[in-house]
Amino acid sequence: MKALKIALVGYGRMGQMIHKIAESRGHSIVATIDTPQDSQWESEGLRTADVVIEFTQPEAAASNVKRLLAMGLPVVSGTTGWAKQLADLRQQIEQEQRGTLLWASNFSIGVNLFFKINRLVAGIMDHVSGYKAELSETHHIHKLDAPSGTAITLAEQVLEGMPSRLEGWQLIDDQGASIDDKTLPIRAIREGEIPGTHTLEYRSSVDRIALTHEAYGREGFALGAVVAAEYLSERQGYHTMDDLLAYFLQTQE
Ligand code: NAD
């Protein structure tokens, strides 16, 4: 893999972790920008970067990404919570065939492998009677949104894979409000400093199948973002985690 010049926009918890992982993979960090007024926006380092990784805040992401695309820089963004503006930007990139962007709500390679397994199992379970599906997610007590974006993606995949058994999902409380069989229950638990655990269960009267992804920390997200930067530095257009996963699996061979 070619050593890259990477600029970081957003130098909080994720930005700093990405810095470490990028250097450990032989890349160099040529700019670290942490405010809209940061003088490094005008720096030579940013202008000549091979790729930029953006992890900031929902209110800042759209203008940051637009600014970077206007400079002709490929952008990897992991900032969550700006879905509507992102959809418009994606459409613009695809229509005008100009700009390079990869955005993902979850950069963990493991979570994206879990998504693939989840789709496969749901497709099988649509043809099997007697199993009831349930999703649970556990995160640290600082997390404000529930269910997590990752849980919503998992639920949507289950619904897509089980069209003859399920029609929607619903967040349930600890007491487990009763819901009908056509609804996938999601339990959201907030506990200590847990980085993120997601479990999809299928229970029958005789057994239980459970698929679990448990993140040990932020490293997995940071590694995924750096792998995405490696992937994106030589490409154009809008890319997704499915494209990245195919590349990652290929480079593992
Ligand atoms: P953080 O609060 O630790 O860091 C965000 C940083 O962005 C701060 O240091 C802040 O000063 C900076 N910032 C804010 N506005 C800016 C602007 N206009 N220009 C430049 N910098 C600006 O947050 P974090 O934990 O690093 O997470 C950042 C984002 O990434 C959040 O949206 C979070 O939900 C998301 N996230 C995504 C993934 C994923 O896999 N996609 C994983 C973890 C976190």
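## Close-up views of a predicted model

**View 1. Helix α7 meets helix α8.** Gly-224, Val-227, Ala-228, Glu-230 and Tyr-231 in α7 are in contact with Asp-243, Leu-244, Tyr-247 and Phe-248 in α8 (contact means heavy atoms within 4.5 Å). By class, this contact has six nonpolar, one polar and two charged residues. Ala, Val, Leu, Ile, Met, Phe, Trp, Tyr, Cys and Pro count as nonpolar, Asp, Glu, Lys and Arg as charged, and the others, Gly among them, as polar.

This is a predicted model: local features need pLDDT of at least 70, side-chain atom pairs count only at pLDDT 80 or more, and totals for chains, interfaces and linings use all residues. Residues are numbered from 1 along each chain as its sequence is written, and side-chain values use heavy atoms, leaving out hydrogens and water.

**View 2. The crossing of α7 and α8.** The axes of α7 (residues 219–232) and α8 (residues 241–252) come within 10 Å and cross at roughly 85°. Therefore α7 is roughly perpendicular to α8 (angles of 65 to 115 degrees count as roughly perpendicular).

**View 3. Atoms facing the ligand.** Of the 24 residues around the ligand, Arg-13, Met-14, Asp-34, Thr-80 and Phe-107 come nearest. A backbone N or O atom of Arg-13 lies 2.9 Å from a ligand oxygen atom. For Phe-107, a backbone N or O atom lies 2.8 Å from an oxygen atom of the ligand. Thr-80 places a polar side-chain atom 2.7 Å from a ligand oxygen atom.

**View 4. The shell around the ligand.** Helices α1 (13–24) and α3 (58–70) are the elements that give two or more residues to this shell. The shell residues divide into 10 nonpolar, 11 polar and three charged.

Methods
A residue is near a molecule or strand if one of its heavy atoms lies within 4 Å of it. A polar contact is a pair of N or O atoms within 3.5 Å; within protein, one must be able to donate a hydrogen and the other to accept it, and residues adjacent in sequence count only if both atoms are side-chain atoms. Helices (H or I, at least four residues) and strands (E, at least two) are DSSP runs, numbered from the N terminus. Axes are lines fitted to C-alpha atoms, for helices over the stretch in contact, and angles run from 0 to 180 degrees between N-to-C directions. Angles under 35 degrees count as roughly parallel, over 145 as roughly antiparallel, 65 to 115 as roughly perpendicular and the rest as oblique.
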